[in-house]
Amino acid sequence: MLFNLLNLPYWIFLGMGILLFLVVIVSGGGDDDFDIDADVDADVDADGNFAMGSMFSFLGVGKVPLILLLATDCCLVGVFGWMINVAIGNITGTIPTGFFGGVVAGASLLLSLFSGGLISRPLGRIFATFGEDTSGDRLIGCQGSVSSSSIPLESQGKIGQVDVIDPSGNLVTINATLPKWANVIPNRGNQVLVIDRQPESYRVITKDSSDQQQWLSNSSQPQDSQ
């Protein structure tokens, strides 16, 4: 029953869904326009058909990228249809065809639309991470809070730790040292600025300190001389 050719349409739906998920991953989470809600709401106001707009919203339209919603629904149609066919086949000894096969297809579609709107929302957050910049250089220029007792100078051969919020809003704990010319030693809880990346750690300086002013001055000198 599991691999009966009568399940072929559901295998095709499942395969299409998997392919669309791969496209979502490769494209960086399917980060397309999320402002569909605004257009739907505008149409609802214009036509006075609030129920239709609410239904689209419930099904996930405008809440997640359309390609992700389609991928989820296609996979669910395949899985639900396959499962229902196999369950009926195990009970009756034959997979439903004709009218009853259409009933199974309709039930699978309704279940997938209902479940897809719920499942696609958390999936959207998960797949969005595939499109984030994961390089270490993304942290340069970010602010952080010292989580170790203090941050040592790089000449001391030690490292401290800093909790940094990256451009995507993720909390990242990094190893950090101060440049040799730094005069202000940040302690636990002090705010620092990431200014450079080293093979084993990041260089940081105390935020709003004389070290930051010196770093800004040194950074602007080549530009001033041109």
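**Close-up views of the predicted model**

**Figure 1. The hairpin of β4 and β5.** Strands β4 and β5 form a hairpin with 4 residues between them. Strands here are DSSP runs of E with at least two residues, helices are runs of H or I with at least four residues, and both are numbered from the N terminus. The model is predicted, so local features need pLDDT of at least 70 and side-chain atom pairs count only at pLDDT 80 or more, whereas totals for chains, interfaces and linings use all residues. Residues are numbered from 1 along each chain as its sequence is written, and side-chain values use heavy atoms, with hydrogens and water left out. Strand β4 covers residues 191-197 and pairs with β5 in the antiparallel sense over 5 bridges; two strands pair if DSSP finds at least two bridges between them. Within this pairing, D196 stands opposite R203 in β5, and V194 has V204 as its bridge partner in β5.

Figure 2. A176 stands opposite Y202 in β5. Strand β1 (residues 143-146) pairs with β4 in the antiparallel sense over 3 bridges, and Q143 stands opposite L193 in β4. Strand β5 (residues 202-206) is largely enclosed by the rest of the structure, because 4 of its 5 residues are buried. Buried means under 20% relative accessible area, exposed means over 50%, and partly exposed lies in between (1.4 Å probe, protein chains only).

**Figure 3. The largest nonpolar core and V204.** A nonpolar core is a set of buried Ala, Val, Leu, Ile, Met, Phe, Trp, Tyr and Cys residues joined through side-chain atoms within 4.5 Å. The largest such core has 16 residues, and I151, V162, V164, I174 and V204 have the most contacts inside it. Strands β2 (160-165), β3, β4 and β5 are the elements that give two or more residues to this core. The most comes from β3, which gives 3 residues. V204 is in contact with I151, A176, T177, L178, P179, V192, L193, V194 and I195, leaving aside its neighbours within four places in sequence; contact means heavy atoms within 4.5 Å. A second, separate core has 6 residues, among them L14, F21, V24 and L68. In soluble globular proteins, nonpolar side chains tend to be buried together.

**Figure 4. G160 in strand β2.** G160 is placed in strand β2 and counts as buried, at 3% relative accessibility. The C-alpha atoms of G160 and N175 are 5.7 Å apart in space, although the two residues are 15 residues apart in sequence. Not counting residues up to four places away in sequence, G160 touches S148, S150, I151, P152, I174, N175 and A176.

Figure 5. D166 lies in the loop between β2 and β3. With a relative accessibility of 5%, D166 counts as buried. The side chains of D166 and R138 are joined by a polar contact of 3.3 Å. A polar contact is a pair of N or O atoms within 3.5 Å; within protein, one must be able to donate a hydrogen and the other to accept it, and residues adjacent in sequence count only if both atoms are side-chain atoms. Apart from residues up to four places away in sequence, D166 touches R138, L139, C142 and V172.

Figure 6. I18 is found in helix α1 (residues 8-26) and is partly exposed, with a relative accessible area of 45%. The C-alpha atoms of I18 and C74 are separated by 8.3 Å, and these residues are 56 residues apart along the chain. Helix α4 (residues 66-92) has 27 residues and reaches 38 Å from its first C-alpha to its last, close to the 39 Å expected at 1.5 Å a residue. The expected span of a helix is 1.5 Å times one less than its number of residues. Just after α4, G93 takes a positive phi of about 90°.

**Figure 7. The chain as context for the close-ups.** The secondary structure of the chain comes to 6 helices and 5 strands, which follow the pattern α-α-α-α-α-β-β-β-β-β-α along the sequence. Of the 226 residues in the chain, 35% are buried. Among contacts between residues at least 6 apart in sequence, 67% join residues at least 24 apart.
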